[in-house]
Amino acid sequence: MSKGRPHESAVGHVSGSAVYTDDQRPLSGMLSCFPVLAPHARARITRLEPGPALEQKGVVAVLTHRDIPGLNDTGSVVPDEVLLPEHEVSYWGQAVAWVVAESEESARLGAEKMVVSYQPLDPILDLETAIQAESFHGKAQVIRRGNPSDALEKAAHLLEGEVDMDPQDHFYLETQVSWAVPDSEGYLQVYASTQHPSETQAVIAHVLGLPANRVVVTSLRMGGGFGGKESQANPYAAIAALAARHTGRPVRVRLKREHDMILTGKRHGFLGRYRVGFSDDGTLEALELELFSDGGWSSDLSHAVLQRAMFHSDNAYFIPNMRVSGRVCKTNKASNTAFRGFGGPQGMLVIEEIVDRVARELGLPPHHVRERNFYRRGREVTHYGQTLTDDRTLRVWNDVKEAASFEARLQEVASFNQQNAHRKRGLGLTPVKFGISFTNTPMNQAGAYVLVYLDGSVQVNHGGTEMGQGLHTKMLQVAARALGVKEERVRIMPTSTDKVPNTSPTAASSGSDLNGMAVRQACEVLKTRIAGIAAKQLGLNTPEELVCKDDTIYPPGEPERKLSFDEVVARAYVEQVSLAAAGYYRTPNIYFDKSTGRGRPFHYFAYGCALSEVEVDGFTGQFTLRRVDITHDVGDSLNELVDRGQIEGGFVQGLGWLTSEAFLWDENGRPLTTEPSTYKIPTIGEVPEAFQVRLLERAEQPGVIYGSKAVGEPPFMLALSVREALREAVASFGTAHYVPLASPATPEAILRAIDGVRNEAEVADGSLITGD
């Protein structure tokens, strides 16, 4: 297995030949859809008249709630998400109808002619208002260990505060898109850019009032997903399917970038309120933490996102007395959803803020306080009761410090800051401990179906979806390794519900773990059958001892007696041995009891550490990311090239969340940053030339596919090192004990923070004169 194998679609990606959903050859008679958007964040619908739109040339139909034959709901967990509203709109831009026409332009013109009247109602547009109004989805969640109240009273030092985190748009290159193709027998083929084909299938079936077996959903590949297509691909696939069912013609839904950013949910904004007690040397003794997430208008996956934030509110730190509670707030915004990290980044940001504040309050280096509070022997049980059996935090931490010459660079930065009054540098060193598994235990399962043809070629079907992350590449490698054939023989098929049913989403960084084990199991079934045939041909009684390698099969130590894979496959057919096999895997020994807040929700943890160096301009608040050093734990990597790409990409996406991607609304709840010109994702200019990534050595993970580890989400949180480096640089402009820094830390936010520490320094030395 080549660990440096390029992505299986790399050439297609860069040449433009890779086929995405909307790149397929247009079908004869295909119709297009366009949404009619509500101009209020909350309002009662008093009139919905499609007649004028139907008069527009080219318009074939207008879909409203009246046209839904099944359930008017696309909620993925809680049935609280109407597809087309009948009485009330719940966020600005909610689609109240869809116009179906011969062309997208005709559909747009028809949408402009729709007559809709509203009675505006008072919306809830932020977390503080929702908390005051007690506007929540579901019940509170609580995880507790020890007696934090008593420990806080006895602690030598006590701090309290709040941390705000803004949302983040997924900004995948390919917006939400689905094609629905009906046939003459009442069946429906749907091509969707979805991370969860089985759920998309189920939602379509519910909306149309059909059994699931009449709907096939296929995901060819996605141009990015990041969690935004785990549940939120479903409404657009359902609209396409509804229009196809209504008209009897193929239909496409493809959102414009502006509509995608208006209609779809984001990473949850969070508010954290904390009280922390600690000793003179910075040891954390107690923490009471309240987390509030902005769920938007419906539940979606918000409860699970909040739960993972609560799980990760310790990051890599042992806190003996801890109570973390959480509520999902109901606001009149688009329903927020899964996003890379799934709540983990928000929980980690809060504890990193707390640890830094503790260090500054005591006048200690933040990296000393971080290291002092790491989990270690005798302190290896998390606040939810899971024992860390192979904690690698210190390994990645020390590896980065040594490889990046951390101590020497501390001196270099201090020297630079002494010599420069208006430009300051900072170093941020932060760890990551991220749990791997779906926290909804039943979702930790996967299936595969592998076929061997008479010419020796292999076709692999599995339940995972490809969104650019390299899952198909790894599954190709797993199949080739398990069968003992060259990778060129193996073809990975598009993910489809008629090949592997009842699949889990490709999410939670578990795609390779789950599907890899299922693919390997199917291949091992086939290999056992094929080896049995080869043993007969070789005159052996023990096929288990045969070596299968490089398209050949031979007895151990006797490669000269090798048989070709092709001839053995041909013989298997003659002897009526099946050359198709299904594989299935479920993750063992994971569970969690919400009522007690105890369990073992994760199969294992992935670890990482990053050191970032920044330079901040004191006049503008702009900064340069000068250098990044990362050591990340990927186990025994299935593909080092793919894993490095995931680490680098995850870090840069985290950089955007923390420093540039400010999503804004006006006072009426209308989104303002709905184009690339106003919503600032990182560019190549923000990525430092000195970007060093090291994979932790001797890191095989037992019980996972070929000793590898998940790599999709954990690197995202490594970007917290940039936030802490910025805080360190800002602190150097003054002598503040506390350096509040907004998230994202845009240049404006950094400049406000600099002004704050300068003013505090002036007050401290008496140079700031105040009066009435």
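**Figure 1. The second largest pocket and its lining.** Helices here are DSSP runs of at least four residues, numbered from the N terminus, and in this predicted model helix H19 gives the most to the lining of the second largest pocket, with 4 residues. H19 covers residues 747-765, and strand E28 (623-632) and helix H17 (640-659) join it in each supplying at least two lining residues. The pocket has a volume of about 600 Å³. Its lining is made up of 29 residues, and Thr659, Ser660, Lys680, Thr746 and Pro747 are the ones nearest the centre. Sorted by class, the lining holds 16 nonpolar, 8 polar and 5 charged residues.

**Figure 2. The largest nonpolar core, with a look at Phe651.** This core has 147 residues, and those with the most contacts inside it are Val276, Leu287, Leu291, Val490, Ile630 and Phe651. Helix H15 (residues 511-538) provides the largest share, 13 residues. A second, separate core of 37 residues includes Tyr91, Val190, Val253 and Leu263. Which residues does Phe651 touch, leaving aside those up to four places away in sequence? The list runs through Ala610, Ser612, Leu625, Val628, Ile630, Phe691, Pro715, Phe716, Leu718, Ala719, Ser721 and Val722.

**Figure 3. Met493 in its loop.** You will find Met493 in the loop between strand E19 (490-492) and strand E20 (495-496). Is Met493 buried or exposed? Buried means under 20% relative accessible area, so Met493 counts as buried because its relative accessibility is 14%. Not counting residues up to four places away in sequence, Met493 touches Gln459, Val460, Asn461 and His472. For a sense of scale, Met493 and Ser708 lie 215 residues apart in sequence and 23 Å apart in space, C-alpha to C-alpha.

**Figure 4. Helix H16 and its buried face.** Within helix H16 (residues 565-574), Phe565, Val568, Val569 and Ala572 are buried. Why do the buried residues of H16 line one face of the helix? Seen down the axis of H16, they fall within an arc of 100°, and so they line one face. As a reminder, an α-helix has 3.6 residues a turn, so residues three or four places apart point the same way. The buried residues of H16 pack against H15, strand E17 (445-452), strand E22 (552-554) and strand E23 (563-564). Just after H16 comes Gln576, which takes a positive phi of about 60°.

Definitions and conventions
Residues numbered from 1 in each chain as written. Predicted model: local features only at pLDDT ≥ 70, side-chain atom pairs only at ≥ 80, totals over all residues. Heavy atoms only, no water. 1 Å grid on protein atoms, 1.4 Å probe; cavity = no way out; pocket = protein on both sides within 12 Å on 5 of 7 lines; lining within 4 Å. Points joined across faces, edges and corners; volume = space filled by probe spheres on them. Nonpolar A, V, L, I, M, F, W, Y, C, P; charged D, E, K, R; others polar. Core = buried A, V, L, I, M, F, W, Y, C linked by side-chain atoms within 4.5 Å. Buried < 20%, exposed > 50% of the residue type's maximum accessible area, 1.4 Å probe, protein only. Contact = heavy atoms within 4.5 Å. Arc of directions from axis to C-beta.
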